[in-house]
Amino acid sequence: MEGIVGVFRELDATVDAVAAVKKLKAGDIRVYSPAPRHELEHLLNTGPSVVRRYTLIGGLLGATFGYWIPIWISDYWPLVVGGKVVPSWVPYTIISFELMVLIGSLATVLGLFVVSRIPRITMTVGYDERFSNANFGVWVECPPDRQTDVSDTLKKHGAVEVRGER
Amino acid sequence: MFWVGIGHAGTLISAILYLFRAGFRTTIYRCAEAMTVFAIMTAGLFPILHLGRPWKFFWLIPYPNWRLIWPQFKSPLVWDVFAILTYLTVSATFLYLGLLPDFAAIRDRERDPLRKRIYGVLSFGWRNSDLEWRHFARAYLFLAAFSTPLVLSVHSTVSFDFAMANTPGWHATLFAPYFVAGAIFSGIGMVFTIIIPIRRWFNLKHYVTLNHLDAAAKLCLFTALVVATAYITEFFIGWYGGNEIEHSFWYNRVFGQWWWAAWIMLTCNTILPLTLFWQKLRRNTTWLFTLSLFINLGMWFERFVIFDPSLSHEFEPWQWTRYAPTYIDWAILLGSFGWFAMWFLLFIKNFPVVAIAEIKEIIPPPLRVAHAVEGIDVAGMHLEYEPETPGERD
C-alpha cells in the first residue's frame, strides 16, 4: 500500500483537487474531512451505504425472536385461563418491538463497524492528525510511476503539504 | 419512574429533533444524551432495591435456568425489564456512536501519551474518511429512527405497570401519553438544570446560545401544556365518570389527605411554566434555571402523587392509610442524586460536552474563493455568528 497524501486548508481546494485526481485515474482515492461534507460525497459518488441491510436484517431477526421466545415459553409451560388461547400475541408485541429495536440498533452499529473497517488497531498510512482538526486530506493509492503526476495535481490545486507514504 | 422520565428528554433532543432537523439541538444534545444514560442507570437500581430479594433480579431475564422457570411474558413487570434494558443499551450506543469522531479529534490533539492511547482505543481508530462518514451518517440516522419510537414506547410500558392494575387513579387509558409527555417535560427541566451552569462555567455562551435555550424553552412550554391537559382530563374523568370510588379518590387526592403534594405538583408543572409564554423570561437564564428546579420538584411530586394517594386510598376504608418517608427512603433518594451526579461529573470532566464534529458541520468551511451570495457557503449551509444578544441576563 503506497501513495500520495495531500493536506488542504480549504474545502473548495479539496473538491477541485479530488475532481482533478479522479480524471487522472491514478488509483483509489480516500478523502478526509473534519466533518461530513456533501460536496465531497457527491463528488466521490460512492452510492448508498450498505449499513441499511444490517439494520433491516437485525430488526427482522429481533422482531421474530421477540415473538418466538414468549410463544415458545407459553407452549412449553402452558397456563390455561378460562379456555383462552395460551400464546397471547398482543402483550408479546411489546417484547417483539423492544427486541426489534435492540437487535436492529446493535446490528446497525455492527454494520457500521464492518463496512467502515473499524476498529482499526493502527492508524495505517495516508492519515494525518490535522484531518480531525480543521484540515482536509486526499490520499491517492497509486504506483510509483504515477506519484509525480498525482503530487503535481494536488499541489496545483492548493495542497499545503504533499508527501509520499507507504 | 422519576429517573426514567428524566432520561426521555435526552433521547427526544438527540434523536427526534435530529430527524426533524432542528438546529438548536446540536449544542445541547450531548449533555442531554449523557444525562439519559446516567438517569437510566440510576433508574435501573430502583427495581433491584425494591425487589425484596435483590440477588434474584436476574429471574426476570428469560434464560434456561436449572429449574426451567421462565418469566411471565404477560406481566407488565417483564415488559418493563425489556423496555428499560433496551432503552439503556440503545441510548448508550447512540451516545457512544456520536462520540466516536470526537474521541478521534481529542486523540489527535492530545500530547500526553497515556491519554492519547486511551482516546485512541475509545475512538476505535476512527480517521474521518469519506467511507467512515458515509456509513456513519446512515447508521446515526437509523439509530435515531429506532430511538424515536423507543422513547415513546418506554414510558408507555412504564405506565402499563400502573394502568394494568385495577387501582383507583391508575386504571386509565390516558396513562401512556400522559406518562410520555410528563417524562419529556421532566427531562427538559433537568436539561436546563444541567446545561445552564455548564454554559456559564465552561464559557460556552457562543455555542449554547440564547436562541437555543429559547427554542428548548418553547419545547418545555409545549410539553407543560400537554401535561396540564392530562391533569385536567384525569380530574374531569374522575368527576364525570360516575364511579364513586374514583370520585372519592380524586377528591382525597386534590382536596383531602394529599392536597399539599397535589398542589405542589400543579403549581410547579402547570402554573409556573406558563411564564415561558414571555420571550424575555425564555431568554433569561437565571429564570430558566430557577424554573427548572421547580419543574424537577414538581415532577418528583407528580410521581409521589401517582403512587401514594392511590395506594393509601384503595377500595375499602380499612385499606386507607398514611405514608411518611423513613430516613432510609430519604437516603435512597439522595443517594440516587449522588450516583447520577457522580457519573455526569465524570463525563463532563473527561469527554466533550458539546458535539465537536457536528459543530464543525454547521459552521462555514474555510474557502479559497468567497461564495457569490454573502453569508452562504458552497455547501449551502451557514450558521450566522450570533453576536451578543440583547436579553442576556447572566
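This is a predicted model: local features need pLDDT of at least 70, side-chain atom pairs count only at pLDDT 80 or more; totals for chains, interfaces and linings use all residues.
Angles of 65 to 115 degrees between axes count as roughly perpendicular. Helix α1 (residues 2-19) and helix α6 (residues 175-201) of chain B have axes that come within 6 Å and cross at roughly 80°, so α1(B) and α6(B) are roughly perpendicular to each other. On the α1(B) side, the contact includes B:G5, B:G7 and B:G10; α6(B) brings in, among others, B:G182, B:S186 and B:G187. Sort the contact by class and you get 10 nonpolar, 7 polar and no charged residues.

Now for where the two chains meet. Here chain B puts in 48 residues and chain A 56. On chain B's side, the elements giving two or more residues are α3 (76-109), α5 (130-163) and α13 (356-362). Of these, α5(B) has the largest share, with 16 residues. Chain B's side as a whole splits into 28 nonpolar, 9 polar and 11 charged residues.

A few backbone spots are worth a look too. Most residues other than glycine have a negative phi, and most peptide bonds are trans. B:N128 is in the loop between α4 (113-122) and α5 of chain B, and it counts as buried because it has 24 C-beta neighbours inside 10 Å. B:N203, in the loop between α6 and α7 (210-240) of chain B, has 9 such neighbours inside 10 Å and so counts as exposed.

Over in chain A, the peptide bond joining A:I118 and A:P119 is cis, with omega about 5°. A:P119 belongs to the loop between α4 (89-116) and β3 (136-141) of chain A.

Notes. Residues are numbered from 1 along each chain as its sequence is written. Chains are lettered from A and ligands numbered from 1 in the order in which they are written. Two residues are in contact if their C-beta atoms, placed from the backbone, lie within 7 Å. Helices (H or I, at least four residues) and strands (E, at least two) are DSSP runs, numbered from the N terminus. Ala, Val, Leu, Ile, Met, Phe, Trp, Tyr, Cys and Pro count as nonpolar, Asp, Glu, Lys and Arg as charged, and the others, Gly among them, as polar. Axes are lines fitted to C-alpha atoms, for helices over the stretch in contact, and angles run from 0 to 180 degrees between N-to-C directions. Angles under 35 degrees count as roughly parallel, over 145 as roughly antiparallel, 65 to 115 as roughly perpendicular and the rest as oblique. A residue is buried if 20 or more other C-beta atoms lie within 10 Å of its own, exposed if 12 or fewer, and partly exposed in between; C-beta atoms are placed from the backbone.
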